[in-house]
Amino acid sequence: MKKIYVRGENIVNLPNAISLYRLLAFPVIFYAALIGNESLFVWLLCISLVSDVADGNLARYLKQQTHFGAALDNLADICTYAMAILGLFVFKWNDIEPHSWFLFLFLGLFVVSYIVSFARFGKIPGLHLYSAVSAGYVQSVFFFVLFVFGFYAWFFYLAVGWGIVAYIEKILVLFKLDDIKIGVKGLYWLIKEDKEAK
């Protein structure tokens, strides 16, 4: 297999290919939402959500984690979850509207985390904190259940609430870090490292 190096890292690997698929699927999913094709939208979104779980786990298992891959995965995450949220507005708004304040709180924290990252480091925050990864899993299952089986308010509050906690932690971690790096588990571990270093 051909190797392509970016800043000393080989970026040609299976996890990055899966992340790239999600980026390429993004405009197709967007088009499906625009034309109101819920069936195509749901199929493509579910594939992207499953691949979102796969790429990060494969990168860790195959020891193919790279800064490029983390940034690519993060960009693909943004596109995938933007489409999932678009799907809420286009196809499921009647279910979501009574609970929309909670969704807007989550979206606000999401935006703040990127503002903090760009203000401090000038780049996309390629962090994969345990809280964010686990929130992503829960949200993926929520979207799947929502589009395939229907809306459950308790599951909505669990998935979005977990995301809110994850983004609060992410913002705190961004303020604590000197630079964005691979392998940051969470705020607890950063504090623990600081104590051990003293």
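Start by colouring two selections: the C-alpha centres of domain 1 and domain 2 lie 17 Å apart. Domain 1 is 1–92 and domain 2 is 98–197, with bounds that come from an automatic or database domain assignment. A heads-up: this is a predicted model, where local features need pLDDT of at least 70, side-chain atom pairs count only at pLDDT 80 or more, and totals for chains, interfaces and linings use all residues. Residues are numbered from 1 along each chain as its sequence is written, and side-chain values use heavy atoms, with hydrogens and water left out.

How much area is buried between domain 1 and domain 2? About 2,000 Å², with carbon and sulfur atoms giving 75% of that; buried area is the accessible area (1.4 Å probe) that two parts lose on being put together, summed over both.

Next, select helix H3 (residues 67–91) and helix H6, residues 130–148. Helices are DSSP runs (H or I, at least four residues), numbered from the N terminus. The axes of H3 and H6 come within 12 Å and cross at roughly 30°; axes are lines fitted to C-alpha atoms over the stretch in contact, and angles run from 0 to 180 degrees between N-to-C directions. The crossing is left-handed, i.e. the near helix is turned anticlockwise from the far one by less than a right angle. Tyr 81 and Leu 88 turn up again on the H3 side, and the H6 residues they and their neighbours meet include Phe 143 and Phe 147.

H6 and H7 pack at about 155°, axes 9 Å apart, which makes them roughly antiparallel (angles over 145 degrees count as that). This crossing is left-handed too. Among the residues in contact are Val 138 and Phe 142 of H6 and Phe 156 and Trp 162 of H7.

Terms used. Helices (H or I, at least four residues) and strands (E, at least two) are DSSP runs, numbered from the N terminus. Angles under 35 degrees count as roughly parallel, over 145 as roughly antiparallel, 65 to 115 as roughly perpendicular and the rest as oblique. Contact means heavy atoms within 4.5 Å.
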